[in-house]
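The following note sets out numbered points for a colleague who is examining the model. Each point may be checked against the coordinates.

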Amino acid sequence: MKFIKNLIKEIKKMYDENNIFAKILRKEIPCDKIYEDEFSLFFNDINPKAKIHVLGIPKFPCSNFSEFLKNADNENISSFFRSVELVINKLNIEKNGYRLITNTGQNGGQEVPHFHIHILAGEKIGVLR
Ligand code: AMP
C-alpha cells in the first residue's frame, strides 16, 4: 500500500495538475459530458474538428498514452479502452466509421498534457496530410 502511495506521489510530480482536463476532472470547469464512470470521462471537444468530436480521458493522472500504459493498473487501462468502445456504440458511429487519435508531445501536436483520445466521426474525416 505504501509502495503504491509513493508511486502515485512520484507520478503526480511529473503531471501538471493545472492542465485544463485536470480542472474538468476536479469539476472546477464544466464540460459537455457524454459518459462517465469510475475510471473515465468523455465529453464534447470545445472546438470540434468534425460533426462528432468527443474526447475521452482516464481519471488517472497521466500526461500521455505511454505514461498511462506504464503507470495505471490493468483494470484501469482495460476499463478506459472498453469505455471508448461503449461511447462509440452510444454515439452510433460504428457502422459509418470513425477515427481515433491520440496526440503525444511536441511532434504529435499535443496541447493538453493529460492523456486523451479524440473520437472523430459524423462525416468523412479527411486524409491526415
Ligand atoms: P490535443 O491537441 O490532442 O492536446 O487536443 C486538445 C483538445 O482539447 C483540442 O481539440 C481542444 O479543442 C480541446 N479542448 C481544450 N479545452 C477544452 C475544454 N475546456 N473542453 C473541451 N475540449 C477542450
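1. Leu 55 counts as buried because 20 C-beta neighbours lie inside 10 Å; the criterion is 20 or more other C-beta atoms within 10 Å of a residue's own for buried, 12 or fewer for exposed, and partly exposed in between, with C-beta atoms placed from the backbone. Leu 55 belongs to strand 3. Beyond its neighbours within four places in sequence, Leu 55 is in contact with Phe 42, Phe 43, Asp 45, His 116 and His 118, where contact requires that the C-beta atoms, placed from the backbone, lie within 7 Å. Between the C-alpha atoms of Leu 55 and Val 84, 29 residues apart along the chain, the separation is 9.5 Å.

2. The model is predicted: local features need pLDDT of at least 70 and side-chain atom pairs count only at pLDDT 80 or more, while totals for chains, interfaces and linings use all residues. Residues are numbered from 1 along each chain as its sequence is written.

3. The protein chain contains five helices and five strands, which follow one another from the N terminus as α-α-β-β-β-α-α-β-α-β. These elements are DSSP runs, numbered from the N terminus: helices are H or I of at least four residues, and strands are E of at least two.

4. The five strands form an open antiparallel sheet in the order 1-2-3-5-4. From one strand to the next, the twist averages 20°. Pairing here requires that DSSP find at least two bridges between two strands.

5. A hairpin of three residues connects strand 1 to strand 2. Strand 1 (residues 33-36) and strand 2 (residues 40-44) are antiparallel and share three bridges; Lys 33 has Phe 43 of strand 2 as its bridge partner. Strand 2 is also joined to strand 3 (residues 52-58) by five bridges, again antiparallel, and Phe 42 stands opposite Gly 56 in strand 3.

6. Helix 4 lies across strand 1, strand 2, strand 3, strand 4 and strand 5 (117-121), and runs at about 160° to strand 3. The angle is taken on a scale from 0 to 180 degrees between N-to-C directions, with axes fitted to C-alpha atoms and, for helices, over the stretch in contact. Ser 83 is part of helix 4 (residues 74-91) and counts as buried because it has 22 C-beta neighbours inside 10 Å. Apart from neighbours within four places in sequence, Ser 83 is in contact with Tyr 35, Asp 37, Ser 40 and Gly 56. The C-alpha atoms of Ser 83 and Lys 70, 13 residues apart along the chain, are separated by 19 Å.

7. Which residues surround the ligand? They are Ile 20, Cys 31, Phe 43, Asp 45, Ile 46, Asn 47, Leu 55, Asn 103, Gly 109, Gln 110, Glu 111 and Val 112, a residue being near the ligand if its C-beta atom, placed from the backbone, lies within 6 Å of it. This shell divides into six nonpolar, four polar and two charged residues. Ala, Val, Leu, Ile, Met, Phe, Trp, Tyr, Cys and Pro count as nonpolar, Asp, Glu, Lys and Arg as charged, and the others, Gly among them, as polar.

8. Of the 129 residues of the protein chain, 21% count as buried. Among contacts with a separation of 6 or more, 58% are between residues 24 or more positions apart.

Technical notes: Two residues are in contact if their C-beta atoms, placed from the backbone, lie within 7 Å.
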